[in-house]
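Here's a quick briefing to read alongside the model. Have the sequence and the 3D view open as you go.

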Amino acid sequence: MSSAAAGSGGGFRGEVDDFRLALVAQWRTLVALFFREAEMRRGQSFAFSFLAYALEPLIIIATISILFSVLGVAPRYGSSLTLFLATGVVPIYMFIHTSMRVRTAVAPGLHRIRYAMEQPLDHVIVHAALHMISTSIMAIGFFGSLYYFAGVDQAVPFEPLTAVKASLAIFVMGASMGMLNAVIARFLPIWDVLWPAIARASLHFSGPYFVAAFLAPNVRGYFALNPILHGVNWFRHAFYPFYPNQMTDHGFVLTVGAVMLTAALLLLNSSVRYLEDKE
Amino acid sequence: MIRLQSLTYAYRKGAPVIDGLTVDLPSDRRLAILGAQQSGKTTLVQLLAGLITPGSGSIERLARLSFPAGYQRGFRMASTLGQNITFAAKIYGADADEVIGFVADVTGLGAMVDRPLRDLSVQDRMNTSFALTYALPFDTYLFDNTFTVGEPDFRAKCLAMFEARSRTSGMIVATKFARTASQFCDCALVLIKGHATYYDDVAQGVAAYEQSLPVAQPKPAAEAPTGA
């Protein structure tokens, strides 16, 4: 995090003043970074560029909906195929894109192209926040459109708070994975190519097209190891009040998220000097 | 005050450039960091600025230190000149409009404020970075080898800004030129082979530095008076 000026005197009062100054400096840096990065994408400047990431899940939902409709595939749960797919794809892409966006926040050579006030964790926080906002705007716009224009009543969450909680849990896992990716990629450069492919492939194992509780018992145990699948089920509970909850372990999602976040912060902090040397 | 405690820095697979440096540096005076080429001056300035991380040891900054004057790596070429200045002003707690006005006035680039930075010439970007350094309010300004740049009239402006800032702030000037240290500084940190000695009187520091120079090395008397 950013260092701040000190020297406002000794004693407890001085320390409190220093802490307050540090917080102010930290907030200033985060706000300035937020507005700069909101207009940047891959080094290029254009307004609302952070919304560009939101397009991919919409395209995925649209293409799978069209494909399944043409093939005559019925929704595995509920009456709307598009809503069922969207309640799977949106949280999964929350994870995928957060992990990728946060990875770019800790880009190679970042320490060479920054002011001293900008620390890697500042970039992580800002990029994660921007992605959270863009995904939220996209999700609200999409589910709202399904409700207003397509007449899908269930598109308005039955329990909005559940949707928020599930999204936050998945978001934490995505942000943590992004930080871990940044560290892994410095040791294994090909990871930057592998991870997007692995993440997108994992889409199919996280329950966008199926109800995990309806899987055959012999494979259910393997799928239960996937925390994103639990997150998707959690998210779907917000839309479907009677969604089968046999494979929705909130504690598992939160524990995995907490472990990933702790590991990511520790690794990022302890490898700063190594990463500088590598570059 | 800047407290360096057992500060060590080595580039990868190299011997330490800074080796176990423990010293208190004044942040409100004109301090020269004197050292020959490859003695670790730039490394120490970057460490003080927080641009690189010490291998071991710590730096306690009891003052607001600038980035090295003329530092351009915080710039984004795709952003406009105004956006770049605004960003720097915001993170360093200055009024963005005032800073833009100051930089535009000093550099004469007022008409370019809304143009992407990449549209500016290399010289204009350099001038901007120096003007920006002097425009921001720091307790201590850092200089790595130079504190002026560009055409004679801009160099004169830089010198005037240096003098003006040094009346209210500290200055840390890394240089290999003894004359620059004597002319612009009043105390010195002399770097010799990874080790450093602080002198409260710059004359003593300069004498120790000159004594350390190899006999074959040309006398550093021909340098520009600005330290460039």
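**Chain A and chain B at a glance**

Read along the sequence, chain A goes α-β-β-α-α-α-α-α-α-α-α-α. That's 10 helices and two strands, where helices (H or I, at least four residues) and strands (E, at least two) are DSSP runs numbered from the N terminus. Bear in mind that this is a predicted model: local features need pLDDT of at least 70, side-chain atom pairs count only at pLDDT 80 or more, and totals for chains, interfaces and linings use all residues. Residues are numbered from 1 along each chain as its sequence is written, chains are lettered from A and ligands numbered from 1 in the order written, and side-chain values use heavy atoms, leaving out hydrogens and water.

**Chain A: burial and surface**

- Of the 279 residues in chain A, 49% are buried (under 20% relative accessible area with a 1.4 Å probe, protein chains only).
- Chain A has an accessible surface of about 13,000 Å², and carbon and sulfur atoms account for 71% of that (Shrake-Rupley method, 1.4 Å probe).

**Chain B: the sheet**

- In chain B, three strands make an open, antiparallel sheet in the order E2-E1-E4; strands pair if DSSP finds at least two bridges between them.
- Strands E2 (16-25) and E4 (56-61) of chain B are the edges, each pairing on one side only.
- Strand E1 (residues 2-10) of chain B joins E4(B) through five bridges, in the antiparallel sense.
- B:Arg3 sits opposite B:Glu60 in E4(B).

Conventions
Buried < 20%, exposed > 50% of the residue type's maximum accessible area, 1.4 Å probe, protein only.
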